[in-house]
Amino acid sequence: MAILWPAGLTDQSQPGESLRLALRHAVALAEASAGALTLRHDGGADPPASGLESGGQVIAAGISQDDARRLLAALALDPLPEPLDGRPRVRALPDIWAGEVVTLTLADADAALGEVCFLGASGFSARRALMDPFRRRALVGMLVSAARASQELTRLRQENRQLGSILHFSGDGIITVDEGLRITGFNPAMEAMTSWRQHEALGRFAYEVVRLSTPQGAPIGLDRNPLAQALATGKPVLDREYLLLARDGERVNVTVTATAVRSPASQQASAIMNVRDITRSRETEEMRTTFISVTSHELQTPIAIIKGYASTLARDDVSWNADMARERLRAIEEEADRLSHLVANLLYASRIQAGGLKMRHEELDLAALTRSVARRIVARSPDTDIRVRLPADLPLVNADRERIEEVLMNLLDNAIKYSPRGARIRVRGQATADEIIISVIDAGQGIPLREQERIFRRFERVDNVASRRTQGAGLGLYICRAIIEAHGGRIWVSSELGRGSTFSFSLPREERTSAPLVIFGGAGDVEHVTQEGTGDGTDAR
């Protein structure tokens, strides 16, 4: 994002190169043959010391970098005291340099920055360039200025890299524009929200890429665009809610903050906008509203029925015969059971959300459990037609019997509720090398593809005629998914509108065998579940 670099800071401005040029110029002014400069890494804390001791930067001119490091290391091992008048320290290091080595401390009013060494022929230290105090201070001052500029440039580059990393990995979308509203910066989060790639967005007008409308969906004009307003007024636009229309047509709920960036002359030069995706928080808010609405309705209905029947039975002016009283008491019992089931599901969902779902694993015959659940449902609703077809040698699983029973009950109940009255519900099973799969096939209206993943969330229900006339809080499939995933399995749905749905779940096999990849049951494995709970061994109708 080019505009994030400070003004005038380009790739051609390399800190080391500019300092090397200054050192070469200083070597020439000092009438030396070579030079080595070391800057302190800690910014120049007292007392003065070689930059090598603080892991600082080393610059060489006229000698190799390795020779410069050896020279500075040798000087650091046996340092000469600093002269009070600032005169150079002169040493002879014949193993490294045949002539003289002159060392000066680089310091300004703030702190010591490091040292510079000049290497020349014997006696060159007595020349005017180094002995004249004014010339020496000018020489040192030039190098100190170059060093400070180099350090500032390095600091700016480091800050710029840090800022670039922050913007790159920010979860919020960030876009920068020039005074003409053309995009100059576009981070990855902005790409994800708008479906525009950075290279496609750069140079385009912001209002072409970031298409904003009111939360109700009405497009906003250029005069109400937050970036345009921030540039026009110079005042920030804070936390405004919009609907962002992505390139692929998706709508994203966002909050936007836009701020103008002024140049030193107080002229607005650019603007930056932060875009935060609040879709999830909005969904959470909607889920909370849905929860209150659904639970209020679902709780109110059985309470009203119980109260109505109880009030009727309690009337003193009416005599009820035994059959009539029994019928109303049975209705009260059914509604109380329904109320209890709803409250249990709410508590169950709360435990799942809090991570308190515990399993009691045991060796489980899934085929026997499936048939048992089907028989109980048929006994409860005699007009229900459930056909169970499972392999004769379905392997055992290691699972919580009560929880898996709850999953089967929920899937079969849903299949009955969402299928036409008297329609056939089929249960199928198969075993793979890794897992056992149970599928419940209904004859309902089917589920749209866009809703097939959503229905496994809390308080989510398919919006169709069947769901509107069927009671439920939208917790059953959420609980089923939590139970199956806690067992290390998976649950999914395949559906086609008008042709019913197939809900399937899998559980890991208790142990791997050398069985074929898929085992299907033969004709003798079909059980037509009747009210008596037995099968005749054929696909009887």
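**View 1. Ala92 and its partner across the strand pair.** In this predicted model, Ala92 stands opposite Glu100, a residue of β4. Strand β4 covers residues 100-107, and four bridges join this strand to β3. The two strands, β3 and β4, run antiparallel.

**View 2. The five-stranded sheet.** The strands of this open sheet follow the order β2-β1-β5-β4-β3, and their pairing is antiparallel. At the edges are β2, residues 57-61, and β3, residues 89-92. Each of these edge strands pairs on one side only. From one strand to the next, the twist averages 20°.

**View 3. Two helices and the sheet.** Helix α2, made of residues 65-77, lies across β1, β2, β3, β4 and β5. Among these strands, β1 spans residues 34-39 and β5 spans residues 112-120. The helix α2 runs at about 115° to β2. Helix α4, residues 133-169, also packs on the sheet. The strands that α4 touches are β1, β2, β4 and β5. Between the direction of α4 and that of β4 the angle is about 60°.

**View 4. Two cysteines, Cys117 and Cys480.** Cys117 has a relative accessible area of 0%. A residue counts as buried when this value is under 20%, so Cys117 is buried. Cys480 is also buried, because its relative accessibility is 2%.

Notes. Residues numbered from 1 in each chain as written. Predicted model: local features only at pLDDT ≥ 70, side-chain atom pairs only at ≥ 80, totals over all residues. Heavy atoms only, no water. Buried < 20%, exposed > 50% of the residue type's maximum accessible area, 1.4 Å probe, protein only. Pairing = 2+ DSSP bridges. Axes fitted to C-alpha atoms, helices over the stretch in contact; angles between N-to-C directions. Contact = heavy atoms within 4.5 Å.
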